[in-house]
Amino acid sequence: MHEIPKAKIWQAIIPIVFLVILLTLNVQIFGDSTLAGPNQIALILAAGLAAVFACTAGLSWEYIRRKIVESIGSSMASILILFVIGSLSGTWMLSGVVPVMIYYGLQILNPSIFLVAAVIISSVTSLVTGSSWSTVATIGIALLGIGQALGFNEAVVAGAIISGAYFGDKISPLSDTTNLAPAMAGTDLFTHVKYMLFTTVPTMILTLIIFFVIGLLHPASDHQSGVDAALLAISSSFVITPWLLLVPVILFVLIIKKVAPIPALMAGTLIGGVFALIFQPQIVAQIGASPDVFKASYVAFAKAMFGEISIHTSNQAVNELLHTRGMSGMLNTVWLIISAMVFGGVMEAAGYLRLITMSIIGWAQSTGSLVATTAATCIFFNLTASDQYLSIVVPGRMFASTFRERKLAPELLSRTLEDAGTVTSALVPWNTCGATQASVLGVSTLAYAPYAFFNIISPFMTIAFAYLNIKIRHLQEPSVGNENNTPND
């Protein structure tokens, strides 16, 4: 095992401060273009500074490089899913699946309840699929289009979608993070899910109330004329039929049946392409731009998967909705994820992340401060390691013994990991989750983050419960004839 030189706290803090300064400058100088390169360079420069400190302290470059490669390797599944989601969005646009969902949604959703409905629909979808990513890439895209047609700010709509998607992802037994958190804390899945409801339900109620109020305050302008124009533009360009809804239904069934994400999403992509040939031959001909049917079909299908396609209608507002970038639209996000993993790999190799978190454990004397420290550590790893899973795994390993020593039930730790780790990942632009959702929805992370109320409130709710001693479970002292500790309220 490679011996890591003992690091100093200033060596761990300076690269993070340097990164924060660069990211702040990027926002001020580059504005909305920060994800097109500036943030990636900031992460790489910060990683380089951390590597210089580590090498100066005696850590070999070969070891640092190996840890960087391992860190990037841990994100490859997310990168592959991201590419497949890009191709799926393309074929679902080509086939008319997304336009049909927008078309039907515009007919049934009223502006005053739309945001609440968006949260609930995203929640249910994510709950039954166990995936916030799949929810955002499918139902989320359609809801964003509906919200824009109804006159809502796209950042507000994206916040509602993200809130609902992460509610379902957080409590679904099918979710990987919902299974990972109890495994790290040392409790079982269903105890973890039931215990999370104490903080998750109040958080969701507050979220729904906020979005309901925003919906009521939405300008009572005559939106119907705009809706009618959008419906006419969509129906004049696409064949509108409920048969197209079979495509998302098939995908959701595959996910519920626990088919792995990449094969399931690829199946959804291919089925979308087949439905495009059946129901939208005129769109295929338009995109394929060839009198040869076979060539036009192949070109349209390939372009939908790898590149930009735009469906032109008589309505400019609708045209903006009917545009996808395929796999190529995900390249900036992939670059960002790789850069973030480089920074996280160096910081982990040098022991800087662990040093910072261990230095704050001593401050946590009460149950409330321990939970707050754990939550802050989860957020810290989302900011620095840029990976949702690391924000659960590392704090889970670090704090498990402390929770046991203080006779706190493991589900308290697992709930804190989810309340602070899982949901806040979507609020960080350079985190795999935040970068992905921004790319899929076409709304920057910093734009939708202030409206992702569920994600914002969750860590504060779990900390408040701990400080107020609400539903804090402790381990029972072992009694004669009973060697197993069991939790109680």
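**Pockets, cavities and cysteines**

Author: In the second largest pocket, the lining residues split into 11 nonpolar, 10 polar and 3 charged (Ala, Val, Leu, Ile, Met, Phe, Trp, Tyr, Cys and Pro count as nonpolar, Asp, Glu, Lys and Arg as charged, and the others, Gly among them, as polar). Keep in mind that this is a predicted model, where local features need pLDDT of at least 70, side-chain atom pairs count only at pLDDT 80 or more, and totals for chains, interfaces and linings use all residues. Residues are numbered from 1 along each chain as its sequence is written, and side-chain values use heavy atoms, with hydrogens and water left out.

Reader: Which residues lie nearest the centre of the second largest pocket?

Author: A pocket here is an open set of points on a 1 Å grid over the protein atoms alone, with protein on both sides within 12 Å along at least five of seven lines, and lining residues have an atom within 4 Å of a point. This pocket has 24 lining residues, and those nearest its centre are Ile81, Ser131, Asp176, Pro261 and Tyr389.

Reader: Which element gives the largest share of the lining of the largest pocket?

Author: The largest pocket holds about 890 Å³ of space, a volume being the space filled by probe spheres set on grid points joined across faces, edges and corners. Of its 36 lining residues, Arg325, Ser439, Leu441, Gly442 and Val443 are the closest to the centre. Helices (H or I, at least four residues) are DSSP runs numbered from the N terminus, and the largest share, 5 residues, comes from helix 22.

Reader: How many charged residues are in the lining of the second largest cavity?

Author: A cavity is a set of points where a 1.4 Å probe fits but cannot get out, and the whole structure has 2 of 30 Å³ or more. The second largest cavity has about 40 Å³ of space, and helix 20 gives the most to its lining, with 3 residues. By class, that lining has 7 nonpolar residues, no polar ones and, as for charged, 1.

Reader: Is cysteine 433 buried or exposed?

Author: Disulfides first: with the rule of two cysteine sulfur atoms within 2.5 Å, the count is 0. Cysteine 433 is in no disulfide, and the nearest cysteine sulfur, that of cysteine 378, is 13 Å away. The cut-offs for relative accessible area are under 20% for buried, over 50% for exposed and in between for partly exposed (1.4 Å probe, protein chains only). Cysteine 433 has 2% relative accessibility, so it counts as buried.

Conventions. Helix = DSSP H or I, 4+ residues; strand = E, 2+ residues; numbered from the N terminus.
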